[in-house]
Structure formats: C-alpha cells, structure tokens
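Hello,

Here is the structure I promised to pass on to you. My notes on what turned up in it follow just below.

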Amino acid sequence: MPALPPSADPGTRPEGVAAGEAARHVREMFNAVAPRYDRANHLLSLATDMYWRRETAERIRRELPDPAELLDICCGTGDLSFALAARLRPSQRVWSADFSHAMLLEAGKKSASRPAPRAWLEADALRLPFADSSLHAVATSFGFRNLGDYLAGLREFARVLRPGGRLYILEFFQPSAPIFGRLYHWYFTRILPRLGHWLTGRLAPYQYLPRSVAHFATPQELAAWMRAAGFEPVTWRRLSGGICALHCGQKPHP
Ligand SMILES: C[S@@+](CC[C@H](N)C(=O)[O-])C[C@H]1O[C@@H](n2cnc3c(N)ncnc32)[C@H](O)[C@@H]1O
C-alpha cells in the first residue's frame, strides 16, 4: 500500500482536545446540538445543503447496481439517507449509521413521514458492523472530516466494500477563487459561528466547523489519501464554487 502523502493529517483535532479524546468530544458535541442541527444547517447554508445531498444521491442512483447494499455512514439526522431512500429501489437497501445516539433519535423521528433507510445503527465509522466485502457502496456527507483517524476510516470503508464497490465522500473545503474565497472565509469564520450560536444556543460546534475545515484537506489531498488507502480510480467534482466537493473512489477488483 502506498504511503500517505506528507501533507496527510491523521484526523480531526478539536481545539484544546487531546488526540485520543477527539472522537468522544465530537460525539458529545453532536449529541448536544442534535435537536437543533437540521434547522441551523438549512438556515446557515440557505438550504443549499439539501441541494448538495440531492446531487450526491442522484449520482449514487445512477451508479449503484441493483440489487445492492449501501451504507450512509456518519448519517447524523439522516438527510442523505432520506434523499437516497427516496430515489433507490427497495432492492437497493440503505443502512444508516452514526455514533451519536441523539442524532439518530432525530433521524428516527423523521422516518415516519417519508421513505426511510432499512435501519438506523449506532456504530463507529472506524469499526463498522459489516462483514468484509459486503457492501456495494459507502457514502458520507459532512461526516468524514470529523473522524479521529482519516486513513483508518478509509481502510475500514475499503474493508466493507466489495471489489468494484464505490466510496462517496461529500465534504466541505475552502474555496480557492480569490474574491469568492475571501468573502466566504469571512462569512464562515466570523458570521456563521455567531448565527449558529444564536440558532442553537451552542457556540463550540460552530467555532469547530470552520476550524475543522481549515485543518482538513484540499480536494487534491483527500483524493491522494483515498488512493493511499487503495481506492482507484478516484475522481472529484467541486460544488457551489468549491465550498463542497464530492469525491468518488472505487475499490479495485483483485
Ligand atoms: C456534520 S454531521 C453530518 C450529518 C449528516 N451526514 C448530514 O449530512 O447532515 C457529522 C456526523 O458525523 C458523526 N460522526 C463523527 N465521527 C463519527 C464516527 N467515528 N463514527 C460514526 N459517526 C461519526 C457525528 O456524530 C455527526 O452526526
């Protein structure tokens, strides 16, 4: 397996939190914000977050075999899972997992009124409750950046994917266009934390969000990490001027 490129960082590092405590800190942060997560998300992104997940679900719908088993990992309150369940056939089964109990409770509440995944599972992305080579696709929206160990996460996704299976990662990045990038940076680092605090009563998660994106990776670096974990080919597409990108990597046939 090729070595990680020198720019690779092992995982998320919330400010003031020791590396070994990062995952627990992230879980507690999402547990605390869960009841107001959706409303804040939609308002802070002017509902563009729904468009990003729809684009991801559409791409998966076009590429997923039938029948198929698909995992939405770090599913949170389930919006990508719902977008997938609404588009896929019953024989294309969606499983949704997250390690935040409170986020899963919010997801469960929304299940009654719309097409929903097969099951909501409380599970850690680094230790998935799936057998080797059992899934046709793994997808994650805005979750990967929060993992305590990026390469361990990518290897775990590769483990559960069948040969030829696909990994989809929708994630935030820093837009590189000079003027738009500066404007967005000002909104993201100065305005968004205050709005998020006002909407949810919690400041820390909305300070963590821009810091975690700054600490994370460029789209090129994430693609290199995916290749280092064995995915090939890896492609990616910017969305909304580079605020987000959707990466797709395939687990090669032996
Ligand atoms: C920003 S939210 C994204 C939720 C959802 N996918 C969405 O699009 O809104 C990140 C989610 O990742 C989950 N998460 C972070 N690290 C995780 C891990 N190691 N295992 C499982 N879930 C994790 C958090 O609990 C949280 O629900």
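The buried residues of helix H5 are covered by elements that include S4, S5 and helix H8 (219–228). Contact here is taken as C-beta atoms, placed from the backbone, lying within 7 Å of each other. The buried set in H5 consists of Tyr-150, Gly-153, Leu-154, Glu-156, Phe-157, Ala-158 and Val-160. I call a residue buried if 20 or more other C-beta atoms lie within 10 Å of its own, exposed if 12 or fewer do, and partly exposed in between, with C-beta atoms placed from the backbone. Helices (H or I, at least four residues) and strands (E, at least two) are DSSP runs numbered from the N terminus.

Before you go further, please keep in mind that this is a predicted model: local features need pLDDT of at least 70, side-chain atom pairs count only at pLDDT 80 or more, and totals for chains, interfaces and linings use all residues. Residue numbers start from 1 along each chain as its sequence is written.

Now to the sheet. Seven strands make an open sheet with mixed pairing, in the order S3-S2-S1-S4-S5-S7-S6. Strand S3 (119–122) and strand S6 (234–239) are at the edges with a single partner strand each, so one side of each has no neighbour in the sheet. On average, neighbouring strands of this sheet are turned by 20° against each other, direction ignored. Helix H5 (residues 150–160) packs on the sheet, where it touches strand S4 (135–141) and strand S5 (161–172), and its direction makes about 145° with that of S5. For such angles, axes are lines fitted to C-alpha atoms, for helices over the stretch in contact, and the values run from 0 to 180 degrees between N-to-C directions.

Pairing requires at least two bridges found by DSSP between the two strands. Within this pair, Ser-96 has Trp-120 in S3 as its bridge partner.

Arg-237 stands opposite Leu-246 in S7, while Trp-236 has His-247 in S7 as its bridge partner.

S7 also pairs with S5, in the antiparallel sense over seven bridges. Here Tyr-168 is bridged to Cys-248 of S7. Six of the seven residues of S7 are buried, so the strand is largely enclosed by the rest of the structure.

Next, the ligand. Which residues come nearest to it? Of the 21 residues around the ligand, they are Cys-74, Gly-76, Ser-100, Ala-125 and Ser-141. A residue is near a molecule if its C-beta atom, placed from the backbone, lies within 6 Å of it. Helix H1 (22–44) and helix H3 (79–87) each supply at least two residues of this shell, and H1 gives the most, with four. By class, the shell has 12 nonpolar, five polar and four charged residues. In that count Ala, Val, Leu, Ile, Met, Phe, Trp, Tyr, Cys and Pro are nonpolar, Asp, Glu, Lys and Arg are charged, and the others, Gly among them, are polar.

Glu-21, in the segment before H1, is partly exposed, with 13 other C-beta atoms within 10 Å. Thr-48, found in helix H2 (residues 48–63), is partly exposed too, with 15 other C-beta atoms within 10 Å.

Finally, the overall picture. The protein has eight helices and seven strands, and its C-alpha trace spans about 45 × 45 × 35 Å along the principal axes. A compact globule of 254 residues would have a radius of gyration near 18 Å, and the 17 Å of the protein agrees with that. This radius is taken over C-alpha atoms, and the globule rule is 2.2 Å times the number of residues to the power 0.38. Buried residues make up 41% of the 254 residues. Of the contacts with a separation of 6 or more, 73% are between residues 24 or more positions apart.

Best wishes

How values were computed
Two residues are in contact if their C-beta atoms, placed from the backbone, lie within 7 Å.
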